[in-house]
Amino acid sequence: MRVPLVLTATLLCVLFAPSARAQVLSDLVDRGVDTIPVPTTVAGKTARFGAVSGTIDMPFTGVAVEGWSPAESLSAEIRFFGGDDSPWHPMHVVRSATSDAFIAGYRSRNVRTATGFEIRVAVANGQEVRIGTAGLFDNRLDQDALPAPDGLAPLPASVSGSVVPPPLVTRTEWGAADFIGSPVPLANPSYDYMTFHHAAGFSATTLEEGVVQVKAIQDLHQNVRGWSDIGYQFVIDRGGRLYQGRPFLTEATSLEELPVLALGAHAGGANTGNIGVSLLGCYHPPEGSYCEQVITPEAYDTYVTLFAFLAERYG
């Protein structure tokens with residue numbers, strides 16, 4: 001069986017060029033929204049950098065915005081206007097451990113119908129902030145939050161094969177937060193795709209960096225986007241380490257034990273039978289982007305071995 005490969009920007013991509021930002025943010029949100037800077041205000045020791053959105057013409061439950069700041073401490077908040085006026089609401093901020101990149105998000109249980117919003121980011125006076133593209137999402141549309149499709153059942157992997165899988169940094173070892181709810185099997189009725197993402201501003205070479213970055217991605221996916229867990233089944237750092245993403249549906253602690261894989265949330269509307277792997281680092285095509293990293297030999301070896309193992313054992 002020929003296994004299609006899908007190459008995509010990650011759910012957590014943070015790039016640096018204006019032409020690239022809207023493209024990568026679209027994997028995290030349902031629709032991108034341009035932002036226009038507003039004058040910075042200073043009150044005592046605090047500077048607030050702000051931006052307002054363009055006109056919104058869709059209902060939504062959340063907003064995410066990307067930004068960059070070298071400040072050690074920052075906070076963000078958002079307010080809505082135009083038929084859905086509101087006071088300032090705090091935003092959840094997730095920062096990269098190895099760059100100035102951050103993503104701030106707001107999510108509500110209620111559907112909003114505002115025609116615009118304003119965002120402001122507070123830092124110590126003298127620090128700088130750049131606010132990039134924002135986007136809207138509607139959690140009511142998430143496959144991750146819907147009941148499991150009828151007939152979805154675990155599929156056994158093949159016990160025979162010649163490819164030795166990469167060692168695995170388990171969820172326990174990287175300190176994963178608990179899955180929200182109950183995971184369901186990935187395949188229905190078969191494993192059909194592998195989708196490879198990159199984490200852009202969330203790069204990591206050492207185990208210490210990798211642990212922090214994988215936890216940050218899980219934080220973003222659970223506490224900003226509102227998914228049950230980190231969206232990917234697997235993550236690879238630049239040192240070639242393979243991290244377990246979503247929990248297995250068995251007690252397996254290595255791929256050699258042929259775990260039953262759980263449904264992910266990495267490719268909107270196309271997660272069934274689709275194994276998601278995110279490469280920590282920035283590998284976006286060079287047209288209009290600041291991504292200048294090249295996949296390391298160690299990461300590439302793990303990537304190839306993982307694909308070969310999963311293709312051989314999971315069909």
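Figure 1. A salt bridge is a side-chain nitrogen of Lys or Arg within 4 Å of a carboxyl oxygen of Asp or Glu. R313 and E312 meet that criterion, with their closest N and O atoms 3.7 Å apart. Buried or partly exposed? R313 is buried, with a relative accessible area of 12%, while E312 is partly exposed at 30%. Leaving aside residues up to four places away in sequence, R313 touches A157, S158, V159, S160, G161, V163 and L258. The model is predicted throughout.

**Figure 2. L258, a contact of R313****.** L258 belongs to the loop between β14 (242-244) and β15 (274-279). Most residues other than glycine have a negative phi. L258 is not a glycine, and its phi is positive, about 55 degrees. Its relative accessibility is 17%, so L258 counts as buried.

**Figure 3. S254 in the loop between β14 and β15****.** L258 is found in this loop too. S254 has 21% relative accessibility and counts as partly exposed. The cut-off for buried is under 20%. Which residues does S254 touch, not counting those up to four places away in sequence? They are L168 and P259. S254 and T170 are 84 residues apart in sequence. In space, their C-alpha atoms are 7.8 Å apart.

**Figure 4. The salt bridge between D57 and R31****.** Side chains of opposite charge can pair when their charged atoms come close. In this pair the closest N and O atoms are 2.4 Å apart. D57 lies in the loop between β4 (46-53) and β5, and R31 lies in strand β2, so the pair ties together parts that are 26 residues apart in sequence. D57 is exposed, with a relative accessible area of 63%. R31 is partly exposed, at 39% relative accessibility. A search of the whole structure finds 8 salt bridges.

**Figure 5. The salt bridge between R241 and D237****.** The closest N and O atoms of R241 and D237 are 3.1 Å apart. How buried is each partner? D237 is buried, with a relative accessible area of 0%. R241 is partly exposed, at 29% relative accessibility.

**Figure 6. The open sheet of 9 strands****.** The strand order is β2-β10-β5-β8-β7-β6-β9-β4-β3, and the pairing is antiparallel. At the edges are β2 (31-33) and β3 (35-43), each pairing on one side only. From one strand to the next, the twist averages 25 degrees. R31, of the salt bridge with D57, lies in strand β2. Across the whole protein chain, the secondary structure comes to 4 helices and 15 strands.

**Figure 7. Strands β6, β7 and β8****.** Strand β6 (residues 75-81) runs antiparallel to strand β7 (residues 89-95), and 3 bridges join the two. Here I78 has H89 of β7 as its bridge partner. On to strand β8 (residues 101-112): β7 pairs with β8 in the antiparallel sense over 4 bridges. H92 stands opposite G105 in β8. How many residues lie between β7 and β8 in their hairpin? There are 5.

**Figure 8. Strands β5 and β10, with helix α3 across the sheet****.** Strand β5 (residues 60-68) and strand β10 (residues 130-137) pair over 6 bridges, in the antiparallel sense. The bridge partner of V65 in β10 is A134. Helix α3 (residues 207-224) lies across β7, β8 and β10. The helix runs at about 155 degrees to β7.

**Figure 9. A nonpolar surface patch that includes Y300****.** I295, Y300 and V304 form the patch. Together they have about 250 Å² of accessible area. At 45% relative accessibility, Y300 counts as partly exposed.

**Figure 10. The protein chain as a whole, for context****.** Of the 315 residues, 53% are buried. The chain exposes about 13800 Å², with carbon and sulfur atoms supplying 53% of that area. Among contacts between residues at least 6 apart in sequence, 78% join residues at least 24 apart.

Terms used. Residues numbered from 1 in each chain as written. Predicted model: local features only at pLDDT ≥ 70, side-chain atom pairs only at ≥ 80, totals over all residues. Heavy atoms only, no water. Buried < 20%, exposed > 50% of the residue type's maximum accessible area, 1.4 Å probe, protein only. Contact = heavy atoms within 4.5 Å. Areas by Shrake-Rupley, 256 points an atom, 1.4 Å probe, with all protein chains shown as cover. Pairing = 2+ DSSP bridges. Axes fitted to C-alpha atoms, helices over the stretch in contact; angles between N-to-C directions. Patch = residues over 30% accessible without salt bridge, like charges linked within 9 Å, V, L, I, M, F, W, Y side chains within 5 Å.
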